[in-house]
Amino acid sequence: MGKLFICDHPMIQHKLTFIRDKNTNTKDFRELIDEVATFMAYEITRDLPLQTVKVETPVAVTDAKIVSGRMIGLVPILRAGLGMVDGILKMIPSAKVGHIGLARDHETLKPKEYYINLPTDAQERLLIVVDPMLATGGSAIAAIQSLKERGCEHIKLMCVIAAPEGVKAVQEAHPDVDIYIAALDQCLNEKGYIVPGLGDAGDRIFGTN
């Protein structure tokens, strides 16, 4: 079973309070999501392997560490996932970025892929699927499945806020995928919104209704 990591750093929790506040304006909300994504990037990359290299300082030659192994790709789920990309790139500027667009099928009520564009070497990368909200889990499950169908095997999921129902659904559908979140909320309401949540992340990032 994939592990659930809750990124409870004090600065993440502090910023999350203002992200939740309905009175936070679009500009501040967007900046806060960006900042939280940067902090979370530290956590999701914590287990990256290191290798030792020689480096010459102004004083002496010494052994030092650099990140080695698998390269990283970011795959935001359109559109809200876009709000987290720049924040992660501040921490991992060499990451390549792909995109997945999903829309609800009116007949099946399940997410249906309408757009996907991945780095040409996506199969060789550790892919981080990004979406601020993990509610029912439907979009995350579909996005991860799309990646797997294209030969991608090394995948993690990063969300700011999650409902227990969404976490459970993703873990059951993709037990090999670790999930990183900033907060695990109470539940989903009858409309599928996370409680207490933060409302619609896409609308709040882009200033739409």
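1. The largest pocket of this predicted model has a volume of about 870 Å³. A pocket here is an open set of points on a 1 Å grid over the protein atoms alone, where a 1.4 Å probe fits and protein lies on both sides within 12 Å along at least five of seven lines, and lining residues are those with an atom within 4 Å of a point. A volume is the space filled by probe spheres set on the points, which are joined across faces, edges and corners.

2. Residues are numbered from 1 along each chain as its sequence is written, and side-chain values use heavy atoms, with hydrogens and water left out. Because the model is predicted, local features need pLDDT of at least 70 and side-chain atom pairs count only at pLDDT 80 or more, whereas totals for chains, interfaces and linings use all residues.

3. The lining of the largest pocket comprises 28 residues, and those that lie nearest its centre are R104, D131, A135, S139 and D200. At least two lining residues come from each of β4 (72–78), β6 (99–104), β7 (111–117), β9 (133–134), α4 (138–149) and α6 (201–206), where helices (H or I, at least four residues) and strands (E, at least two) are DSSP runs numbered from the N terminus. By residue class, the lining of the largest pocket holds 15 nonpolar, 7 polar and 6 charged residues; Ala, Val, Leu, Ile, Met, Phe, Trp, Tyr, Cys and Pro count as nonpolar, Asp, Glu, Lys and Arg as charged, and the others, Gly among them, as polar.

4. The second largest pocket contains about 150 Å³ of space. Its lining includes D47, L48, P49, R70 and L126, together with E153, H154, I155, K156, D176 and D178.

5. A separate point concerns an open sheet of 3 strands, in the order β9-β11-β13, with parallel pairing. Since β9 and β13 (183–184) stand at the edges and each has a single partner strand, one side of each is left without a neighbour in the sheet. Strand β11 (residues 161–162) pairs with β13 in the parallel sense over 2 bridges, and the bridge partner of A162 in β13 is L184.

6. The whole structure contains 13 salt bridges, a salt bridge being a side-chain nitrogen of Lys or Arg within 4 Å of a carboxyl oxygen of Asp or Glu. One of them brings together the side chains of R20 and D185, at 2.7 Å from N to O. This pair links distant parts of the chain, 165 residues apart, with R20 in helix α1 (residues 10–20) and D185 in the loop between β13 and β14 (187–188). R20 is partly exposed at a relative accessible area of 25%, while D185 is buried at 8%; buried means under 20% relative accessible area, exposed over 50%, and partly exposed in between (1.4 Å probe, protein chains only).

7. A further salt bridge joins K90 and D34, whose closest N and O atoms are 2.5 Å apart. Here K90 belongs to helix α3 (residues 82–91) and D34 to helix α2 (residues 26–44), 56 residues apart in the chain. K90 counts as exposed at 57% relative accessibility, whereas D34 counts as buried at 12%.

8. R79 deserves a paragraph of its own. The peptide bond from L78 to R79 is cis, with omega near 5°, and the side chain of R79 meets that of D203 in a salt bridge (2.6 Å, N to O). R79 lies in the loop between β4 and α3 and D203 in helix α6, so the pair ties together parts that are 124 residues apart in sequence. At 35% relative accessibility R79 is partly exposed, and D203, at 17%, is buried. Elsewhere, salt bridges that share partners join K96, D121 and R125 into one network.

9. A cis peptide bond is also found between V195 and P196, with omega at about 0°. P196 lies in the loop between β15 (194–195) and α6.

Methods:
Two strands pair if DSSP finds at least two bridges between them.
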